[in-house]
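Here's a friendly first tour of this fold.

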Amino acid sequence: MTTPHRPQILKSSETYTFRKYFDLRFAPADVLQELGATLTKSTINLPTSNNQIPRLTDLKERLEEAIQRVSLTSEAARREVLIAPILLEIAHITQATINIEYPIEINQFLRGDLDYYLQSQHQVLVVEAKQADLTRGFTQLAVELIAVNEWISTDEPILYGAVTTGDIWQFGSFQRDQRIITQDLMLYRVPTDLEILMKILVGILNKN
């Protein structure tokens, strides 16, 4: 007796924004499979800058003070107080451009706004995890990386992104030729791991 084919998660009669993927309750691997990608979890050998991060002490002090003084219960607060200062500093170091709520539309399954899209010679995509949920936030990040793959004309073999709650960051990568999404096993905490986090973000944007 043959096993009946599993019904499709993504309905051809519906449109899916990036935010909608965050709300889906299905397993991330099952969702990505329907977009023609495979999900794996392992340690990613992330590009990392060997240079010292200028103004690191000042940034760390500002973030520590913000954590003490600001109620970080809302997404807006985490974005403005924790995420934006880090990305602005990264843009300053790498001469990158930050696109906020950057719109992309590939098809009915790949459309919406990227929370933060940093462009230099290379790209890094950052999404803050809604409701401080890294797991479902990573699903959204993975779908956005698949969309960016269709959007850009660069021949970079690997695209990188990060999902963050503001105080916790997790990286992901997309191997474009094999269509493999990798979820990094490492988590980076702010302000504790700020230096290595900054070196990774700089390394991705300045990678040769």
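A nonpolar core here is a set of buried Ala, Val, Leu, Ile, Met, Phe, Trp, Tyr and Cys residues joined through side-chain atoms within 4.5 Å. Keep in mind that this is a predicted model.

The largest one has 34 residues, and the members touching the most others are Tyr21, Leu32, Leu114, Leu125, Ile146, Val148 and Ile181. The largest share, nine residues, is from α5. Zoom in on Val148 and, leaving out residues up to four places away in sequence, you'll find it touching Ile104, Leu114, Tyr117, Leu125 and Leu159. Apart from this core there's another, of 32 residues, including Leu46, Val126, Leu197 and Leu205.

Next, a helix pair. The axes of α3 (residues 56-69) and α4 (residues 75-94) lie 10 Å apart, at an angle of about 170°. Since angles over 145 degrees count that way, α3 is roughly antiparallel to α4. Here's who makes the contact:

| Helix | Residues in the contact |
|---|---|
| α3 | Leu59, Arg62, Leu63, Ala66, Ile67 |
| α4 | Val81, Leu82, Pro85, Ile86, Glu89 |

By class, that contact has eight nonpolar residues, two charged ones and no polar ones.

Finally, how much of α6 is buried? Ten of its 13 residues are, so this helix is mostly covered; among them are Leu194, Met198, Lys199 and Gly203.

Note on methods
Residues numbered from 1 in each chain as written. Predicted model: local features only at pLDDT ≥ 70, side-chain atom pairs only at ≥ 80, totals over all residues. Heavy atoms only, no water. Buried < 20%, exposed > 50% of the residue type's maximum accessible area, 1.4 Å probe, protein only. Helix = DSSP H or I, 4+ residues; strand = E, 2+ residues; numbered from the N terminus. Contact = heavy atoms within 4.5 Å. Axes fitted to C-alpha atoms, helices over the stretch in contact; angles between N-to-C directions. Parallel < 35°, antiparallel > 145°, perpendicular 65-115°, else oblique. Nonpolar A, V, L, I, M, F, W, Y, C, P; charged D, E, K, R; others polar.
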